[in-house]
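Subject: Structure for you to look at

Hello,

Here is the structure I promised to pass on. Please open it first, then read my notes beside it.

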Amino acid sequence: MPKSVSRTRFMIWRSLATAAVAALMAAFLVPAAAHGAPRESAPVYSYANAIRESVWVDTGLDGDGDGHRDRVAVDIVRPREPAQRGRRIPVIMDASPYYSCCGRGNESQKKTYDADGHVVGMPLFYDNYFVPRGYAFVGVDLAGTNRSDGCVDVGGRSDIRSAKAVIDWLNGRARGYTSRTGTTAARATGWTNGRTGMIGKSWDGTIANGVAATGVEGLKTIVPISAISSWYDYYFAQGAPLYDSGPDWLSGYVDSPDARARCAAVQRKLVDGAPRTGDWTPLWTERDYVKDASKVRASVFLVHGMQDLNVRTKNFGQWWDALARNGVERKIWLSETGHVDPFDFRRAAWVEALHRWFDHELLGYDNGIDREPMADVERHPDRWTTSAVWPPRTTATTTLRPAKGAGPGVGTLGLGHRSGTETFTDDPARGETDWAADIDRSTPDKAGFTTGALTQDLRLSGSSTVTVTATPTTAAAHLSAVLVDLGPDTVRDYAGPGEGIGTLTDRTCWGASTAGDSSCYKVTEAATTDVGATVVSRGWADLGHYGWGKGGKGVALTPGKAYTITLDLAATDHVVPKGHRLALIVAGTDKDLIDPPAGTPALTLDLSRTSARVPLVGGAKAFERATRGATAAPAASPSELEGARAPRTPLRVPGEDR
């Protein structure tokens with residue numbers, strides 16, 4: 001069956017099924033006094049009297065090689081009343097490696113237990129808010145963490161099976177037990193209908209992506225927040241290392257104490273399978289969920305910070321595009337923050353949106369959220385806009401070309417074909433904020449190209465690429481390409497300690513509380529800074545991986561030989577306002593964002609074979625209008641073009657709390 005026909009039939013079936021489920025849930029989950037089809041689940045069940053239980057689910061794997069199949073710990077909080085009345089309810093699940101080692105959320109909460117081993121305190125507000133509304137909340141300890149067997153394999157088969165097996169158990173397809181080693185069976189089919197939504201930030205959201213990419217039956221929606229779509233792109237950018245360690249370090253960071261003692265073989269596989277050369281290996285293929293986007297049956301509500309320098313935004317851009325190609329139902333929020341949960345940058349609106357999303361996707365309520373704009377984008381701190389679809393339908397990839405200017409490394413950017421060369425020398429002590437501040441000055445470490453002051457706003461929406469032809473002087477060289485909005489603005493301080501938020505002392509409450517599990521969290525506010533330049537998008541590569549599309553293997557460069565490579569830049573949505581300039585910067589090592597190469601290469605750019613392909617709303621015509629009549633702005637001093645503070649050395653832990 002052609003994919004288009006299959007997808008159409010699936011969407012028709014989904015619409016009919018949603019209507020049927022809505023009617024069914026109206027009968028089973030809404031108080032008898034209600035009239036008509038429900039539009040919102042209400043807190044009609046007791047949180048204090050909720051059932052709190054633990055189950056160990058058989059994953060079918062023996063990751064630690066002890067001769068016994070691994071069981072993962074599943075802590076459950078669910079309302080007591082529906083089961084007493086013979087009603088089955090949906091599940092919200094957060095599968096995480098952080099429940100005991102590091103904590104979840106802005107306040108680093110961990111699971112707590114009573115003397116019988118039943119969960120008392122569940123991190124985050126999900127159980128407090130949704131259990132009274134007729135949902136079960138399930139917190140899964142990934143294999144090798146907290147109370148689970150097995151070993152952490154950092155996004156691989158064990159990680160994904162940890163959560164997939166639980167969805168199978170919820171749907172009666174896997175075995176669960178009342179203890180870690182016992183034989184007494186535990187079944188979920190008496191209290192749940194198996195309809196599951198996964199949610200989580202960073203590593204947790206990454207697991208949601210990975211499980212969705214298996215196509216597992218019963219997973220109806222995922223809400224990945226600042227999540228990874230390909231683990232290679234967490235550690236490398238086309239061969240350029242983003243961190244000074246690999247997944248073995250991360251596995252050791254979250255392993256439970258007993259897992260550390262029995263998982264040496266898994267650690268060795270992580271070391272051997274992820275060489276610091278940046279080459280693509282089978283280990284990365286296993287941890288690439290983008291390639292399996294065609295298997296995704298669940299809808300996706302994606303959230304990411306456009307200045308996230310932990311899980312960098314290439315991860316959401318390539319995942320979003322792959323989901324779009326496969327017709328997956330989608331919604332997206334993009335903030336100005338770094339690696340921050342929407343509960344901490346737009347709390348009230350987030351709780352409302354998440355409530356309506358789960359009601360629609362898991363209860364089948366026709367509340368209209370599927371007919372609202374697809375995208376919410378933070379344009380300035382706490383100022384949001386919407387787009388009916390994302391990127392907007394009028395977005396078109398436009399090729400911009402650099403040209404020589406009045407001085408070395410100080411050029412122009414436009415639509416016409418150009419010629420000439422520019423040369424720069426890698427300086428690992430400088431990075432994107434330094435380059436932007438010196439855009440109007442000749443410096444030896446970068447080549448910069450700018451438009452004139454725009455006469456109209458210009459919006460970039462989506463993912464860019466920059467193709468560079470460069471001749472190195474050494475056998476190894478790294479490249480950075482950066483798009484910059486040159487002009488004054490007030491932005492979230494994404495490079496600060498809160499990555500765009502500040503935490504106050506007052507608290508607000510989101511759901512019911514018990515003595516052991518409060519629903520009240522510290523209030524946050526936007527942390528802002530005034531800047532003269534804003535980095536819009538970034539990309540990096542090792543020039544030795546110029547043949548990336550032919551196997552992902554790097555080679556030693558021949559000094560004096562020209563190489564052509566296309567750098568993938570991070571996805572974004574940004575408006576360069578009238579009066580500002582758009583700049584393209586090409587340089588070497590981006591300080592603290594990639595590791596430097598061996599030696600100190602100088603690189604000569606062939607401008608006739610260098611270009612940026614940028615997603616502009618309105619395409620080339622919009623660029624022509626915005627630059628028509630543009631005049632070259634007077635050279636600005638470095639202080640006038642200072643950006644956000646230099647990025648901090650990125651964390652090596654996706655989701656580690658500030």
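Start with two helices, H7 and H9, which are roughly antiparallel to each other (angles under 35 degrees count as roughly parallel, over 145 as roughly antiparallel, 65 to 115 as roughly perpendicular and the rest as oblique). Helices (H or I, at least four residues) and strands (E, at least two) are DSSP runs, numbered from the N terminus. H7 covers residues 247-254 and H9 covers residues 264-273. They pack at an angle of about 150 degrees, and their axes are 8 Å apart. Axes here are lines fitted to C-alpha atoms, for helices over the stretch in contact, and angles run from 0 to 180 degrees between N-to-C directions.

On the H7 side, the meeting residues are Pro247, Asp248, Ser251 and Gly252; on the H9 side, they are Gln267, Leu270 and Val271. Contact means heavy atoms within 4.5 Å. The residues of this contact divide into three nonpolar, three polar and one charged. For those classes, Ala, Val, Leu, Ile, Met, Phe, Trp, Tyr, Cys and Pro count as nonpolar, Asp, Glu, Lys and Arg as charged, and the others, Gly among them, as polar.

A word on the source: this is a predicted model, where local features need pLDDT of at least 70 and side-chain atom pairs count only at pLDDT 80 or more, while totals for chains, interfaces and linings use all residues. Residues are numbered from 1 along each chain as its sequence is written, and side-chain values use heavy atoms, with hydrogens and water left out.

**Helix H4**

H4 spans residues 157-170. From first C-alpha to last, its 14 residues reach 20 Å, close to the 20 Å expected at 1.5 Å a residue. The expected span is 1.5 Å times one less than the number of residues. Is H4 mostly covered or mostly open? It is mostly covered, with eleven of its 14 residues buried. Buried means under 20% relative accessible area, exposed over 50%, partly exposed in between (1.4 Å probe, protein chains only). Among the buried ones are Ile160, Val166 and Trp169.

Just after H4, glycine 172 takes a positive phi of about 80 degrees. Valine 154 lies in the loop between strand E6 (136-141) and H4. Its phi is near 55 degrees, a positive value in a residue other than glycine. Valine 154 counts as buried because its relative accessibility is 0%.

At 7% relative accessibility, glutamate 499 counts as buried.

Where is proline 391? It is in the loop between strand E16 (383-387) and strand E17 (395-407). The peptide bond from tryptophan 390 to proline 391 is cis, with omega near -10 degrees.

Strands of a sheet pair through backbone hydrogen bonds, either parallel or antiparallel. Here, an open sheet of twelve strands runs E8-E7-E1-E2-E6-E3-E9-E10-E13-E14-E15-E16, with mixed pairing. Its edge strands are E8 (185-186) and E16, and each pairs on one side only. Two strands pair if DSSP finds at least two bridges between them.

E9 and E10 pair in the parallel sense over six bridges. Lysine 201 has isoleucine 225 in E10 as its bridge partner. Six of the seven residues of E10 are buried, so E10 is largely enclosed by the rest of the structure. E14 (residues 330-335) and E15 (residues 375-380) also pair in the parallel sense, over three bridges.

Helix H12 (residues 347-362) lies across E3, E9, E10, E13 and E14, running at about 160 degrees to E10. Aspartate 370 lies in the loop between H12 and E15. At 38% relative accessibility, aspartate 370 counts as partly exposed. Leaving aside neighbours within four places in sequence, aspartate 370 is in contact with Glu329 and His360.

**Strand E29**

All seven of the seven residues of E29 (residues 581-587) are buried, so E29 is largely enclosed by the rest of the structure. E29 pairs with E20 (residues 446-450) in the antiparallel sense over five bridges. It pairs with E23 in the antiparallel sense over seven bridges. Find alanine 583 in E29: it is the bridge partner of threonine 450, and valine 484 stands opposite it.

Best wishes
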